[in-house]
Every structure is written in C-alpha cells, then in structure tokens.
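Work through these exercises with the model open beside you. Try each task before you read its solution.

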Amino acid sequence: CYMCNYEKLLHDASMIGLEVKEIQFESDAKGLCKGQKIGIRKDLSDAEKACVLAEEIGHYYTTVGNILNQKNTENRKQEIKARKWAVDKILTIEDVFEATEHPCSNLFEIAEYLEVTEEFLLEALEIFKKRYGHSYTYKGKTIIFCDYGFCIK
C-alpha cells in the first residue's frame, strides 16, 4: 500500500495517548472526538476511516469545546481548521504528482492510490489551490487547479 494511512494514523494516535475505537453510531456521524477518545464508524472503508481519523486527530489538536452545531460561525471555522490539519497529515501536493506517475489518470485512481476518498482529495486540492495559487510546479511538471479537480502538464 502507498502509506497504509489508516494503520499509520492508528499508531500515531496511540503514541500521543488517544484511544481509537471503531463503533456503530446511532447518527450519521462518521467520527467523533471527545477528550482523548475517538470513535470511528466501523462500517467505513479503510480509506474513509483514514480520512475521518485524520480529521478527528485534527480536532484533538485544534478544536475547543463542542462544535457539533455547524450553524455557529466559530464552530465552522474550527471544523475547517481540523480538515486542513487532516490534509496536511495525510497528503502533500507532491503526493498528487507521484500518483500520476503510477499511472493514475483520474480522480478516482489518484484517491485510491493515495488511500483517501475522492471527497477528501477534492478538499485537499481546494486547500492546495488556496495555499499555492492556481498552479504549482514540481519536478518540471505543473499542476493547474480547476473548479472540480486539476490537470498536470
């Protein structure tokens, strides 16, 4: 596997004293962090679990209090901060370039290679676009960010 994201994140969580359990939520929630305990919905794929766990660890580091009410502006800001933390934990823009070398030619294949969901990859691309502008060059190739993805030239 590329980095075995989920297993690596489980290890990282235990190293900082977090207890992670896979559970069945009664709600639509995929994950929840409370104190040093993280619950991950057990019926998710490993890629989904990795993305959710990264975000929940991000909440552990960046969130203050109960932010479940996403109608609150401050709570939404904390949610975004945790997602950015998750992206930085799992992916770099260079990983996207590397995926295209193996030969991944579309969003699904790149997400599968990187062991993340397509939704997470799209969020990562948006974060990279805000961070680097409309394009980024690496090893002689340029990634150009579009509204729904990217192209590499």
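**Exercise 1. Find the partner of Asp 12 in a salt bridge, and say where the two residues sit.**

Step 1. Know the test: a side-chain nitrogen of Lys or Arg lies within 4 Å of a carboxyl oxygen of Asp or Glu. Asp 12 passes it with Lys 89, whose closest N and O atoms are 3.0 Å apart.

Step 2. Asp 12 is in helix α1 (residues 5-15) and Lys 89 is in helix α3 (residues 73-90). The two residues are 77 apart, a link between distant parts of the chain. Helices (H or I, at least four residues) and strands (E, at least two) are DSSP runs, numbered from the N terminus.

Step 3. Check accessibility. Buried means under 20% relative accessible area, exposed over 50%, partly exposed in between (1.4 Å probe, protein chains only). Lys 89 has 33%, so it is partly exposed.

A note on the source: this is a predicted model, in which local features need pLDDT of at least 70, side-chain atom pairs count only at pLDDT 80 or more, and totals for chains, interfaces and linings use all residues. Residues are numbered from 1 along each chain as its sequence is written, and side-chain values use heavy atoms, with hydrogens and water left out.

**Exercise 2. Which residues are linked in a network of salt bridges?**

Step 1. Take the total. The whole structure has 10 salt bridges.

Step 2. Look for linked residues. Glu 55, Glu 79, Arg 83 and Glu 123 form a network.

Step 3. Lys 21 and Glu 19 meet at 3.5 Å, N to O. Lys 21 is partly exposed at 48%, and Glu 19 is partly exposed at 35%.

**Exercise 3. Which element gives the most to the lining of the largest pocket?**

Step 1. Define the pocket. On a 1 Å grid over the protein atoms alone, a pocket is an open set of points where a 1.4 Å probe fits, with protein on both sides within 12 Å along at least five of seven lines; lining residues have an atom within 4 Å of a point.

Step 2. Take the volume, the space filled by probe spheres set on the points. The largest pocket holds about 810 Å³.

Step 3. Read the lining. It has 27 residues, and the closest to the centre are Gly 31, Glu 55, Glu 56, His 59 and Glu 79. Helix α2 gives the most, with 7 residues.

**Exercise 4. What lines the second largest pocket?**

Step 1. Take the volume: about 170 Å³.

Step 2. List the lining: Ile 80, Arg 83, Lys 84, Glu 123, Glu 126, Ile 127 and Lys 130. The elements that give two or more residues are α3 and α6.

**Exercise 5. How many disulfides does the structure hold?**

Step 1. Apply the test: a pair of cysteine sulfur atoms within 2.5 Å.

Step 2. The structure holds 0 disulfides.
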